[in-house]
Amino acid sequence: MLCGWVVLLFIGCKPEPEQNDSKKPIQPEISDSVLLNTVQRASMDYMWSGADPTSGLAYERIHTDNNYGYNDPKIITIGGSGFGIAGLVVAMERGFISRQQGVERLQKIVTFLAKADRFHGVWPHWMKPDGKVYPFSTNDNGGDLVESSFLMEGLLIARQYLDPNVASEKAVVDGINELYETMEFDWYRNNQNCLYWHWSPNKEWIMNMPVRGWNEALIVYVLAAASPTHTISKEVYTKGWGANNRPTSTYSKPLFWTHYSFIGLNPMNIKDTYADYREVVINHALTQVSYCTRNPKQHKSYSAQCWGLTAGYSPEGYAAHCIDDDRGVITMTAALSSMPYTPKQSMDALRYFYSRKDELWGIYGFYDGFCDSKNWCPPHYLAIDQLTIAPMIENYRSGLLWNLFMSCPEIQKGLTKLGFTY
């Protein structure tokens, strides 16, 4: 009852007066279609012209001022690359790149991934351009099941888009199938009725991070249950993911929780024991719209048009921005990638951000985030933020990626096994 009540509450109420309304920029004269094309094309270019030339995969971060200050700027991100692969499908469909270009890039990616470091079929969180693991932390130097699941989500979307009757495309399809079939989801149970996030040859299970809900990782259990070779039972789902799973009580958390698993998995018509996921994702986004409209901490520029809190850069470094940890930073992917859930509010935010294009826009579209209270907006991009934008906008516009992923016969069997209706 609470979920439905919240939807009606937020949809029915009128926004409160904006902060600094007299300084609101004039909206540009540009159609929705042209604006959405512009944003999708620019953001997916992070995965196209900005990608690692050897692997075709996405770098963890790109700072166009070359001011990094930490880590190697040429680190490849596995999860972010999964979102980027979904973006390549959007680019082919929208004509931003040709189908041949897209297939050639996907072949490069699949070939690289087959030779890269894997740990019981699972890739690390970060890799070097030679395919060797780049430790995410001291003990995180092996397989990362969650990031690898984001990668496989994108790969399965691409597989479904390709035509196995065309020789060049069949080679990619076959390569993706082999990668999926060799992911040992059952190994990552650690002999428990739960999936575990990490394993490495010399650290083994020292990270000791069970994948339990509610967070961004629902896709892990769906892919595991769907695996044709290394599957899990429903009991692993209910005792692992289901332990303390309360999706409707997490609306104060970062919005990426409603994006990463749902690049391909369509939340708008799935339900299980724990939730009606349509209500979860819509209410999560609307809660943030309401919060930024009320602006209880009086941050500069927050309003019904300027909203969106999720993990990204801040003046203090990387942070999981949310209602529980509001630092005055708007991370633009939060509103833009929520467009399938809150189309009017997200489009209003997009038009507001674009009206400030001179400040907020660079070679790969909108920068990661800004904080007007501190006059802060560096020309920095993060793959996990930038590369969800084109896919989620496409799911709003056409449902393409949702339709492709949900057409996977393995995914349908996996959802049925776990007790979903869809």
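Start by selecting Arg356: with a relative accessibility of 7%, this residue counts as buried (buried means under 20% relative accessible area, exposed over 50%, and partly exposed in between, using a 1.4 Å probe and protein chains only). You are looking at a predicted model, in which local features need pLDDT of at least 70 and side-chain atom pairs count only at pLDDT 80 or more, while totals for chains, interfaces and linings use all residues. Residues are numbered from 1 along each chain as its sequence is written, and side-chain values use heavy atoms, with hydrogens and water left out.

**Stop 1: salt bridges**

The side chains of Arg356 and Glu359 meet in a salt bridge, 2.9 Å from N to O (a salt bridge is a side-chain nitrogen of Lys or Arg within 4 Å of a carboxyl oxygen of Asp or Glu). Glu359 is partly exposed, at 44% relative accessible area. A search of the whole structure finds 15 salt bridges.

Next, pick Arg351 and Asp32. The closest N and O atoms of their salt bridge are 2.8 Å apart. Arg351 sits in helix α11 (residues 343-355) and Asp32 in helix α2, so this pair ties together parts that are 319 residues apart in sequence. Helices here are DSSP runs of H or I with at least four residues, and strands are E runs of at least two, numbered from the N terminus. Arg351 counts as buried at 15% relative accessibility, whereas Asp32, at 37%, is partly exposed.

Move on to Glu169 and Arg99, whose side chains form a salt bridge of 2.8 Å, N to O. Glu169 belongs to helix α6 (residues 167-181) and Arg99 to helix α4 (residues 99-115), so the pair ties together parts 70 residues apart in sequence. Glu169 is buried, with a relative accessible area of 5%, and Arg99 is partly exposed at 33%.

For one more view of charged side chains, select Glu316, Asp325, Arg327 and Lys374, which are linked in a network of salt bridges.

**Stop 2: helix α2**

Select residues 32-48 to see helix α2. At 1.5 Å a residue, its 17 residues should span 24 Å, and the end C-alpha atoms are 24 Å apart, which agrees. The expected span is 1.5 Å times one less than the number of residues. Buried residues in α2 include Leu35, Leu36, Val39, Ala42 and Tyr46.

**Stop 3: the cavity**

Which residues line the largest cavity? Select Ser43, Met44, Met47, Phe83, Gly84, Gly87, Gln386, Leu387, Ala390 and Pro391 to see them. The elements giving two or more residues to this lining are α2, α3 (78-94) and α13 (383-397). The largest share, 4 residues, comes from α13.

On a 1 Å grid over the protein atoms alone, a cavity is a set of points where a 1.4 Å probe fits but cannot get out, and lining residues have an atom within 4 Å of a point. The structure holds 1 cavity of 30 Å³ or more, and about 30 Å³ of space lies in the largest cavity. The volume is the space filled by probe spheres set on the points, which are joined across faces, edges and corners.

Colour the lining by residue type and you will find 6 nonpolar, 4 polar and no charged residues. Ala, Val, Leu, Ile, Met, Phe, Trp, Tyr, Cys and Pro count as nonpolar, Asp, Glu, Lys and Arg as charged, and the others, Gly among them, as polar.

**Last stop: Ser233**

Finish at Ser233, in the loop between α7 (218-226) and α8 (234-241). At 35% relative accessibility, Ser233 counts as partly exposed.

How values were computed: 1 Å grid on protein atoms, 1.4 Å probe; cavity = no way out; pocket = protein on both sides within 12 Å on 5 of 7 lines; lining within 4 Å.
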